[in-house]
Amino acid sequence: MGAIVMKKALPVGVENFEDIVKSEYYYVDKTMFIKELLDLKGKVNLFTRPRRFGKTLNMNMLERFFSIEYAGRGEVFEELSIWEKEAYRRLQGTYPVIVLSFASVKETTFENARKKLCHIITELYNRYDHLLDRKLLNEKEIEFYRNVSADMEDYTATESLKVMSGFLERYYGKGVIILLDEYDTPMQEAWLSGYWDEAVEFFRGFFNATFKTNSHIYRGIITGITRI
């Protein structure tokens with residue numbers, strides 16, 4: 001009898017970069033996208049692709065490469081193309097990274113969509129509660145921090161990522177990378193459910209503050225299926 005050849009599995013529905021690389025899945029090396037992203041002149045870049053095209057996987061790859069939370073843990077890239085580029089290899093695990101996904105914001109009313117978004121932002125702030133214990137923030141900044149909640153005011157919500165970017169830049173001494181996946185899911189639901197005008201007004205302020213007037217950002221990467 002001939003030897004049995006075990007075929008690798010297709011990573012259907014697997015969106016964790018490390019799981020795919022370390023497990024027996026087929027994987028097309030896309031790590032040179034990291035170099036391309038760094039070589040681009042624009043601070044904020046939008047990548048639109050159809051569904052099931054690997055956008056979320058690529059965002060997870062970027063987080064795994066850049067985030068300070070993964071400092072000293074670059075072994076997952078060792079057999080991949082980006083690791084052959086020493087100048088880029090040295091950047092692994094050296095940036096504060098904010099990661100958000102709007103994939104779950106699929107509500108039928110603007111009120112519920114807004115609360116869902118605010119809850120996502122609140123969870124993000126909860127991840128960085130240690131900033132409150134480092135005497136990094138003044139009283140007004142601490143007050144802003146504590147006002148972030150599912151019921152926060154529009155002003156607080158739209159400015160929240162910009163403000164957090166400033167906190168992280170101050171703490172780590174480097175500009176922040178913001179990864180926003182499925183930015184357009186709330187807008188699609190707004191169109192289908194009849195609250196488009198309210199959503200546009202809110203998200204215009206949110207995107208403007210987060211990506212356009214944010215001096216604390218080093219790179220912004222946005223993914224979705226539609227153009228802004």
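User: Which residues of helix H8 (residues 185–193) are buried?

Analyst: This is a predicted model, in which local features need pLDDT of at least 70, side-chain atom pairs count only at pLDDT 80 or more, and totals for chains, interfaces and linings use all residues. Residues are numbered from 1 along each chain as its sequence is written, and side-chain values use heavy atoms, leaving out hydrogens and water. Helices (H or I, at least four residues) and strands (E, at least two) are DSSP runs numbered from the N terminus, and buried means under 20% relative accessible area, exposed over 50%, partly exposed in between (1.4 Å probe, protein chains only). In H8 the buried residues are Thr-185, Pro-186, Met-187, Glu-189 and Ala-190.

User: Against which element do the buried residues of H8 pack?

Analyst: H8 is followed by Gly-194, which has a positive phi near 85°. Packing is judged by contact, that is, heavy atoms within 4.5 Å. The partner of the buried residues of H8 is H9.

User: In what order do the helices and strands of the protein follow along the sequence?

Analyst: The protein has nine helices and four strands. Of its 228 residues, 44% count as buried. Along the sequence the pattern is α-α-β-α-α-β-α-α-α-β-α-α-β.

User: How many Å does helix H5 (residues 110–127) reach from its first C-alpha to its last?

Analyst: The expected span of a helix is 1.5 Å times one less than its number of residues. H5 has 18 residues, with 26 Å expected. The reach in the model is close to that, at 26 Å.

User: Which elements do the buried residues of H5 pack against?

Analyst: An α-helix has 3.6 residues a turn, so residues three or four places apart point the same way. The buried residues of H5 include Phe-110, Ala-113, Leu-117, Ile-121 and Leu-124. They pack against strand S2 (97–101), helix H6 (139–147), helix H7 (154–172) and H9.

User: Which side chain is joined to that of Thr-223 by a polar contact of 2.3 Å?

Analyst: Thr-223 is in strand S4 and counts as buried because its relative accessibility is 4%. Beyond four places in sequence, its contacts include Leu-46, Asp-181 and Glu-182. A polar contact is a pair of N or O atoms within 3.5 Å; within protein, one must be able to donate a hydrogen and the other to accept it, and residues adjacent in sequence count only if both atoms are side-chain atoms. The side chain that meets Thr-223 in this way belongs to Asp-181.

User: How far apart in space are Thr-223 and Leu-46, C-alpha to C-alpha?

Analyst: Among contacts between residues at least 6 apart in sequence, 74% join residues at least 24 apart. Thr-223 and Leu-46 are 177 residues apart in sequence. From C-alpha to C-alpha, their separation in space is 5.7 Å.

User: Is Glu-182 buried or exposed?

Analyst: Glu-182 is found in the loop between strand S3 (176–181) and H8. Although not a glycine, Glu-182 has a positive phi of about 55°. Because its relative accessible area is 19%, Glu-182 is buried.

User: Which residue has its backbone nitrogen 3.0 Å from a polar atom of the side chain of Asn-214?

Analyst: Asn-214 is in the loop between helix H9 (196–212) and strand S4 (217–224). At 4% relative accessibility, this asparagine counts as buried. The backbone nitrogen in question is that of His-216.
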